[in-house]
Amino acid sequence: MRAFSLVLLSLLCFKIQAENVYSHKVLGLYNSAHGQTEKENEIYFYLLNPLREMGLEVRFHDINSGIPQDLSDVRAVISWFRGGAVKNPEEYLRFIARVIRSGRKFIILGNLGAFQDSDSGEYISKEKINSALSLLGIKYEYQWTDNADFLEIVKLVSPMCEYEGRQDVSVSRFYYRFLRADRNLRIYLSVRRKDRDYEPSPVIVSNRNGGFALGGYTYRVKEGKIVMLLNVKEFLSVSLFPDAEYERIAILADTGTAPGKEVLKNTKTVLRWAKLPFEVITRENLNKMLPQDLFAFTAVGLIIEDDAGLNPAFFMPFLKRGGGIVSLIGGNFSNLSQLLALSEEKNEKTTIRGYRFREGFLLGEELSITQNDYLWEAGTSVPGRDADVIAYSYDGNTALLWTAERESGRILAWNWKAFRHRSFQGFILESFLFIRPVGIAGVAGVGTIYIDDWPLPMYNVIKKPLSVTDTEFYTGVWWPEIKAFFLEYGIPFTSLLIFEYNAVNSWPLVVEEFFVGKDRVSVLIAREIAESGNELGLHGYNHLSLVIYNDSTGYGFWPDRESLKEALLTAKEEWIRLFGESTLPVSYVPPNNIISRDGIEILHKVFPSIEVIGSLFTGRGTETVTGFGSDPSIPDIYYLPRISAGYLFKAGIRDSIVSAISGYGIWTHFIHPDDVFDTGRSGGKSWKELKRELGRTVEFVKHNYPWLNFMPSRKAVSVLREYERAQPEFFWDEEKKVLRVSSPPGFRFRIRIDNTIRIKSIEGAEIIYRYREMGAAVLKSTEGVCRLTFD
């Protein structure tokens, strides 16, 4: 049987808007019924040159000839009509909405042009008008007047609205009542009607979908000459290329290679979990982009193995505005060598052993890590003189990770392909937080420890290396000491019972071994756990994986579905007889870390009480690998896979812990009571030494991540489901000084700030833990909206 990975569809990409459409063209609308022609219209007169300076060409269309049908080559639609009537206005208003919902921008200057049907003379209701205008952040409420005595300007952004002359309502003499319909609307000019108790009417605005500038306030004619009031180039810029309002990441990816696909998959997974919206941009679409398109993002990730066709100048305006770029895959770069702080020297692609990370990059208290076993494939890059190297190979001869300042921004470059493997997903997230002046991500904050195969059958026999029976060791040494261990560290646990170690896979299926231990001690321990504040789950009737034998592959443990089902029914019936129906298990860990689709479905039918399956986060061969989240077909089941296992505090285990907590805010760990009998798992150490090693692991986590809440698996899944349901927004004000987090109260998130920035104030949230030696903290919202102000 081939190993499979369960796709967790419950992980949503929290998109703030439709993905953008990229091209070098815009569609310009004019109306020949208003006396306009293709070369005699306001777009041609006033916008053609500014658009060309931005790298855009205009394709014109006469709206009087019908609604445009083909928008495949344009990124935006701009209208500048002279009158308020058009043919088929309702169809035109629906067209505006379709354009915006397709990811294109829509910009309206002058008159909306759809207040009236030009054929029938019928006026259009405000509800129909607002079906389109609301997408641009405003709503139309009639109340027209041209009486200047009633009007006054309330808000005026002069550089935008007084380009060649001053705004003057006595000259404009034009008012419609518009209401603000977008909390993130950017208002450049608003006018109040003094004879009504109305809020100011926004008449020149922009939002993420485009812009609107009401006629009368865009230009005027003075002494036969046009005086431009609206700074059209700036208005086009903010409407077509709005600044990032939310944390949002652009991933420029090569999806045609296996490494690119795998790195992209892991990047998307961890960003979704962290609640960071992103957009994947392929190399094909990258060629259709303009440098200003990156302004809509706060960070850029490069998943490319070569930079053929890429121009570093494309990225420089983004970096000048303080953006950050991380290259996530070691490749062969030449065009971007200066941008990515590379020297002209090249290394041969080779396999490297181990790594050393200095402190300050990975989340933790003065955390530096060294690993001398892990093999990784290096790219050909060598850092340049201005690069600040963060990590090397174990021998120090190959640079693995470096950073450099570029303009007002920062780059980070990885020189490996290890992000193909999910075990380093947390390092990916840390990279995106590192390159931001203030990085932010959602975090679950959950720790769960499983005791697998406990209680288990005890046989009253002496097993090497001990000189006492297994029953005496388990009951007189291991169980009392492991309970005291978890009590000392304040850690509740989930224990997974197994009834048999036989290899029986057909009738008769009975439970016998579970009662062999002296005084039926396995039963007593199980009852003790069930009645405590810890959790008793199921590991199985026996240790055969829930996989039906397949003749074509020659793999499997159970001859048919009925035999597998009977084994589970036997376990359930025995459970009820011994412990009562009210204690039926909520958690299940697959024997041998393997479970099939058939096994999951039958398990759910026999044990509908089971909500948690703890498989593996990373695995090999036929082992079942999942992420965190609900089963796509049986949402009542939630996967809580193990991150690490065993007593020994090894470098690989440590690094898996660091990555999982950095990326997900989750640590799940498995131990077994019988490791002391297995030299492979014990490393030849005694129980006393193994317990000391486990203490090192727990103390490492407690020291570096004291904000984790330890809980049994059932409670952990409840917390994780609630976390997944949350759809927070990380919104920046225009000055990028105030970060607004909209989320359910109790939502946890972490921030990482540059050492040049400090937190000035926090409203609506509390700090759970602040790191002493790095600019990082974990917070919990106490209100629906919290505000973090930075200096």
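In the predicted model, the side chains of Asp195 and Arg193 form a salt bridge, with an N to O distance of 2.7 Å. The two partners fall into separate classes of accessibility. Arg193 has a relative accessibility of 6% and, being under 20%, therefore counts as buried. Asp195, in turn, is partly exposed, its relative accessible area being 29%.

This pair belongs to a set of salt bridges that numbers 42 in the structure. Another of these joins the side chains of Glu42 and Arg82 at 2.9 Å, N to O. The bridge connects distant parts of the chain, since its partners are 40 residues apart. Glu42 belongs to helix α1, which comprises residues 42–53, whereas Arg82 is found in the loop between strands β4 (76–81) and β5 (85–86). A relative accessible area of 6% places Glu42 in the buried class. Arg82 is partly exposed at 41% relative accessibility, a value that lies between the 20% and 50% limits of that class.

Glu693 counts as buried at 14% relative accessibility, while Arg696, with a relative accessible area of 42%, is partly exposed. Salt bridges with shared partners also link Asp674, Asp675, Asp678 and Arg681 into one network.

Helix packing was examined for α2 and α3. The packing of two helices is described by the angle between their axes together with the distance separating those axes. Helix α2 covers residues 89–101 and helix α3 covers residues 126–133. They pack at an angle of about 25°, and their axes are 7 Å apart. Because angles under 35 degrees count as roughly parallel, α2 and α3 are assigned to that class. The crossing of the two helices is left-handed. On the α2 side, the contact is made by Glu90, Leu93, Ile96 and Ala97; α3 contributes Lys128, Ile129, Ser131 and Ala132. By residue class, the contact of α2 with α3 consists of five nonpolar residues, one polar residue and two charged residues.

Definitions and conventions
Residues are numbered from 1 along each chain as its sequence is written. This is a predicted model: local features need pLDDT of at least 70, side-chain atom pairs count only at pLDDT 80 or more; totals for chains, interfaces and linings use all residues. Side-chain values use heavy atoms; hydrogens and water are left out. Axes are lines fitted to C-alpha atoms, for helices over the stretch in contact, and angles run from 0 to 180 degrees between N-to-C directions. Helices (H or I, at least four residues) and strands (E, at least two) are DSSP runs, numbered from the N terminus. Angles under 35 degrees count as roughly parallel, over 145 as roughly antiparallel, 65 to 115 as roughly perpendicular and the rest as oblique. A crossing is left-handed if the near helix is turned anticlockwise from the far one by less than a right angle, and right-handed if clockwise. Contact means heavy atoms within 4.5 Å. Ala, Val, Leu, Ile, Met, Phe, Trp, Tyr, Cys and Pro count as nonpolar, Asp, Glu, Lys and Arg as charged, and the others, Gly among them, as polar. A salt bridge is a side-chain nitrogen of Lys or Arg within 4 Å of a carboxyl oxygen of Asp or Glu. Buried means under 20% relative accessible area, exposed over 50%, partly exposed in between (1.4 Å probe, protein chains only).
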